[in-house]
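Take a look at the sequence and the model, then read on.

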Amino acid sequence: MLKILEDLIILARERKNNPVSGSYTNKLLEDKSLAKEKVLEEVGELIEAVEKDTNKIHEAADVMYHLIVYLEANG
């Protein structure tokens, strides 16, 4: 699992340094407000999934991705 997190960090840094046209990651990196909104949205979805005991792994992965990108966007 740590390798996956490391890969996400590397991806975010690579996209920040070498933007790819049309990349969702780049869109988030370029718009810190959007990146923040997505983190908050995904955390809410994770909480709901935990409470309903559905889709927890998927929602947790979304939170991690968006959080990593948000952190990278903010240095």
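Does Lys38 count as buried or exposed? At 15% relative accessibility, Lys38 counts as buried. Keep in mind that this is a predicted model.

## Lys38 and its partner

Lys38 has a salt bridge to Glu41, where the closest N and O atoms sit 3.1 Å apart. Both belong to helix α3, three residues apart, so about one helical turn separates them. Glu41 itself is partly exposed, with a relative accessible area of 38%.

Asp7 is partly exposed at 36% relative accessibility, while Lys3 is exposed at 51%.

Another pairs Asp53 with Lys56, and here the closest N and O atoms are 2.5 Å apart. Asp53 is exposed at 54%, and Lys56 is partly exposed at 36%. There's also a network of salt bridges linking Arg13, Lys16 and Glu72.

## Helix α4

Now for α4, which has 18 residues and reaches 26 Å from its first C-alpha to its last, close to the expected 26 Å. Its buried residues include Val63, Tyr65, His66 and Glu72, and what covers the buried residues includes α1, α2 and α3. Just after the helix, Gly75 takes a positive phi of about 75°.

Glu59 is a curious member of α4. This residue is buried yet has no salt bridge, and the nearest side chain of opposite charge, Lys38, is 8.7 Å away. Beyond its neighbours within four places in sequence, Glu59 is in contact with Glu42, Glu45, Leu46 and Ala49.

## The nonpolar core

Which residues make up the largest nonpolar core? There are nine: Leu5, Ala12, Leu28, Leu29, Ala35, Tyr65, Ile68, Val69 and Ala73. Helices α1, α2 and α4 each give two or more residues to this core, and α4 supplies the largest share, four residues.

To see the packing up close, pick Val69: leaving aside neighbours within four places in sequence, Val69 is in contact with Ala12, Thr25, Leu28 and Leu29.

Technical notes
Residues numbered from 1 in each chain as written. Predicted model: local features only at pLDDT ≥ 70, side-chain atom pairs only at ≥ 80, totals over all residues. Heavy atoms only, no water. Core = buried A, V, L, I, M, F, W, Y, C linked by side-chain atoms within 4.5 Å. Buried < 20%, exposed > 50% of the residue type's maximum accessible area, 1.4 Å probe, protein only. Contact = heavy atoms within 4.5 Å. Lys, Arg positive; Asp, Glu negative; His and termini not counted. Salt bridge = Lys/Arg side-chain N within 4 Å of Asp/Glu carboxyl O. Expected span 1.5 Å × (residues − 1).
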